[in-house]
Amino acid sequence: MATEEIRVRGTVQGVGFRPTVYRIAKACGLRGDVCNDGQGVLIRLSGSEAALAEFIAKLQQECPPLAKIAEIIRTPLIEELHFDDFAIAHSVTNKVKTAISPDAAICPQCQQEIFDPFSRYFRYPFTNCTHCGPRLSIIRAIPYDRCNTSMSAFTMCPQCEQEYHDIENRRFHAQPVACHICGPTAWLERADGKSVTASMFSMLDDVDAVCTLLQKGEIVAIKGLSGIHLACDATQEATVQKLRQRKNRYHKPFVLMARDIDIIAQYCTISPQEQELLRSPAAPIVLLRRKGLGIGDWGQINSKFKIQNSKLNNSWGLGIGEQKLNQKSSIQNPKSVLKSLLNGGEPPHATFRKIQNSIAPSVAPGQNRLGFMLPYTPLHHLILKRMNRPIVLTSGNLSDEPQCIDNEVAKEKLSKIADYFLLHNREIVNRADDSVVRVVGEKLQIIRRARGYAPAPINLPPGFDNIPQILAMGSELKNTFCLLREGQAILSQHLGDLENAAAFDAYQDTLNLYLNLFEHQPEVIAIDKHPEYLSTKLGKELAAANHLPIYPIQHHHAHIAACMAENGLPLDASPVLGIALDGLGYGEDGTLWGGEFLLADYRKFQRLAALKPIAMIGGAQAIYQPWRNTYAHLIAADSWENLKKNYGDLEILKFLEEKPLKVLNQLIEKGINSPQASSAGRLFDAVAAALGICREECSYEGQAAIAMEALIDEHSLNHPKENPNYPFNFSFFDNIYCIDPSPMWSALLKDLQNQISQGIIATKFHQSLAKTIAQMVKYLTQEHVINQVVLTGGVFQNCILLEQVTRDLQTLGITVLTHSLVPVNDGGISLGQAVIAAAQLSA
């Protein structure tokens, strides 16, 4: 007879792990007990050596779907433990080393129950079990027991308690278990304070009534799992426009939710990998390619809708929504009509009519992708049961503010946006936005890591095991913070842009909550080198108050290190060539960087090359007024007199002539609020504005670049030899190599004079920049040992650029590392800061 203590670490609390241990132990004929504690799960077992070995094997094979085992430590015990059977013991409170599970989408079994009239969970909007439901959003402390969650306010009824204690039930020890009798409730309110009665809608209940309200064109605030959303019918243009105006969000795409995959497939092409992501427990927003109709893409149409001499698909392409043909009409020249439609023309009213389920153009203006997610809570499933078309489901906030989570705060802040509120009385303890992902070259790319993914730990590579506890404060935009301890990184959910006061307050609240939840006592604080970032200033305050050392980390080095860490490069790995392309980051020389080629390991880096620095006229104004970047790039490439002489007939030159050029020139010459920046993001803005895309202004950073990517001409992309690349120069400046786009501008302006389409010019620019990046890498490999290249920074959210650069570098025989666990944008910065600080400490 053998006796062992077995320690299991990882995501093993609140995911049905102890019931699984219980079931396997009983099946193996073992005696002992299992409990949750601060380090994870502790198991004590007595039995034969063979039974113990069988238990360990089955535990790894039959791990619950939401659990992740990071480590199993077996310790033989000399003293004999006296157990008559196997039992689940009470949780033990000690030093916290376990992981908190992310919130998980409703499982298939619970989904079946909420639509089963014979189930006691029929139409219950808070149905869950050990395989699904709230986790991070309701937890206040470790261990994950009901008393440490916002479910402590609800006492289980006898039936729920019976299921909770029934080892054969999948709700065995499911902490949020509840039902109609004992659990949280949802109700509908009018924004104007007037009462809502069931007779107004003749619906099954308040949740079902929301569907009717959405169909009628109302805007409804819906309190969900980890935040409050604003919802409306995505096919009603007037309603979507009303939502935009009320929310002060005029251009940024809205997220869509649809009842099932079949509805999404009406509007987007969906790969098997994308389907898997949509249906996964994380249930993120997945960016999907919109379906469009090319001139030759004739399809089958409903037999009652006829066009003379042709058959058409009922999807008309980007920005126009879906159309059906007027039953009584015919078209004499269908191709000319299609050309008009595809060029943004209006359909002839006598011939076409919009159908009820067309996506409103204002949902995602200028985009060739739509962000879709499936219902991930019983509440959303119940709302959409009768909804045969998509809905907008966007964060319940004013533009740039954090998402509302409190009922009273929501009614105060959203009463002028929403017409109705669907609220409930389960407190949201931790706010988490919806995660955003996409698939690039069959590889997952996380754009926003939040609900469903955070705060699942990221296992660090070899060498990071025995390091002190580190707190990394993150960046200013798309902020996350990171806790490093015992070989793992705990990355917070996406916290937004800290330049907004409410977002900065929420950042501080979440940071305090994480430090308390994980009993994290930092010995070192890592910050961004930018002195004006609020996260940097707060980090300095915390370090001073607690007498802690502080490590300022260069922005782009952090980008590169984050990608190295998630790809498993050990602490003492050889340097990689990191290509970090983004908007802005504070450079080692006090200037602004953003187009960097750094030879880097975890401890240090050497700047080998960069994009040529160009003035950002007006500072931050250049981010939101792309024409400023166009002008700065043009006069850096040639004199204004020559530009007017050679290209004065172009619209962009005429546009810029209307600006106060003398004042702008003085700002540049005297360096007044016009810092030099090697920013790839601003180069994209400059080209987009030259093409007439978001020329005057953008309402969010990157809008122009995203819109330009959406214009890519697929034929030109697949036949690059038909259009010669734009030239870029290489020069040597200030001890580094520079990529100078000056000659590119002459060629681009000539294309505009020759009336080459926006799509072809956009394609040529992407291809040319990718080729230039690959050429620079090839050149640098002649002077340095480079076997691996890291591609990172927000500009590499651009699928075309990422795929082109990756392919060109692989052709050179170089291994390319990209992101898949943390965002390529500033959402991954905190991980990089943390591992660099750890590496420098261990030097």
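Ala, Val, Leu, Ile, Met, Phe, Trp, Tyr, Cys and Pro count here as nonpolar, Asp, Glu, Lys and Arg as charged, and the others, Gly among them, as polar. On that basis the lining of the largest cavity divides into 11 nonpolar, six polar and two charged residues. The structure is a predicted model.

**Cavities**

The model holds seven cavities of 30 Å³ or more. The largest cavity has a volume of about 110 Å³. Its lining is made up of 19 residues, and those nearest the centre are Pro125, Leu225, Thr377, Pro378 and Arg426.

**Salt bridges**

The model contains 37 salt bridges.

| Salt bridge | N to O distance |
|---|---|
| Glutamate 163 and arginine 120 | 3.5 Å |
| Arginine 190 and aspartate 192 | 2.8 Å |
| Arginine 607 and glutamate 596 | 2.6 Å |

Glutamate 163 and arginine 120 form a salt bridge with an N to O distance of 3.5 Å. This pair links distant parts of the chain, 43 residues apart: glutamate 163 belongs to helix 4 (residues 158-164), while arginine 120 is in the loop between helix 3 (108-114) and helix 4. Glutamate 163 has a relative accessible area of 15% and is buried. Arginine 120, with a relative accessible area of 23%, is partly exposed; the cut-off for buried is under 20%.

In the salt bridge between arginine 190 and aspartate 192, arginine 190 is partly exposed at a relative accessible area of 22%. Aspartate 192 is also partly exposed, with a value of 45%.

Arginine 607 and glutamate 596 form a salt bridge in which the closest N and O atoms are 2.6 Å apart. This pair, too, links distant parts of the chain: arginine 607 is in strand 27 (residues 605-611) and glutamate 596 in strand 26 (residues 592-600), 11 residues apart. Arginine 607 counts as buried at 18% relative accessibility, and glutamate 596 counts as buried at 0%.

Salt bridges that share partners also form a network, which joins Glu113, Arg120, Glu163, Arg170 and Arg171.

**Charges over rings**

Arginine 607 has a further contact: its charged end sits over the ring of tryptophan 593, 3.9 Å from the ring's centre. In another such contact, lysine 385 lies over the face of phenylalanine 115, at 4.8 Å from the ring centre.

**Aromatic pairs**

The count of aromatic pairs comes to 14. One of them is the edge-to-face pair of phenylalanine 684 and phenylalanine 765, with 5.0 Å from centre to centre and 80° between the planes. Phenylalanine 684 lies in helix 20 (residues 680-690) and phenylalanine 765 in helix 24 (residues 758-781), so the pair ties together parts that are 81 residues apart in sequence. Phenylalanine 684 is buried, its relative accessible area being 2%, and phenylalanine 765 counts as buried at 0% relative accessibility.

Tyrosine 737 and tyrosine 779 make up another edge-to-face pair, at 5.1 Å centre to centre and 80° between the planes. Here the link runs between tyrosine 737 in strand 31 (residues 736-740) and tyrosine 779 in helix 24, distant parts of the chain that are 42 residues apart. Tyrosine 737 counts as buried, with 15% relative accessibility, whereas tyrosine 779 is partly exposed at a relative accessible area of 35%.

Ring pairs also link Phe481, Phe504, Tyr507, Tyr514 and Phe518 into a cluster.

Conventions. Residues numbered from 1 in each chain as written. Predicted model: local features only at pLDDT ≥ 70, side-chain atom pairs only at ≥ 80, totals over all residues. Heavy atoms only, no water. Salt bridge = Lys/Arg side-chain N within 4 Å of Asp/Glu carboxyl O. Helix = DSSP H or I, 4+ residues; strand = E, 2+ residues; numbered from the N terminus. Buried < 20%, exposed > 50% of the residue type's maximum accessible area, 1.4 Å probe, protein only. 1 Å grid on protein atoms, 1.4 Å probe; cavity = no way out; pocket = protein on both sides within 12 Å on 5 of 7 lines; lining within 4 Å. Points joined across faces, edges and corners; volume = space filled by probe spheres on them. Phe/Tyr/Trp six-rings, centres within 6.5 Å; stacked < 30°, edge-to-face > 60°. Lys NZ or Arg CZ within 6 Å of the ring centre and 35° of its normal.
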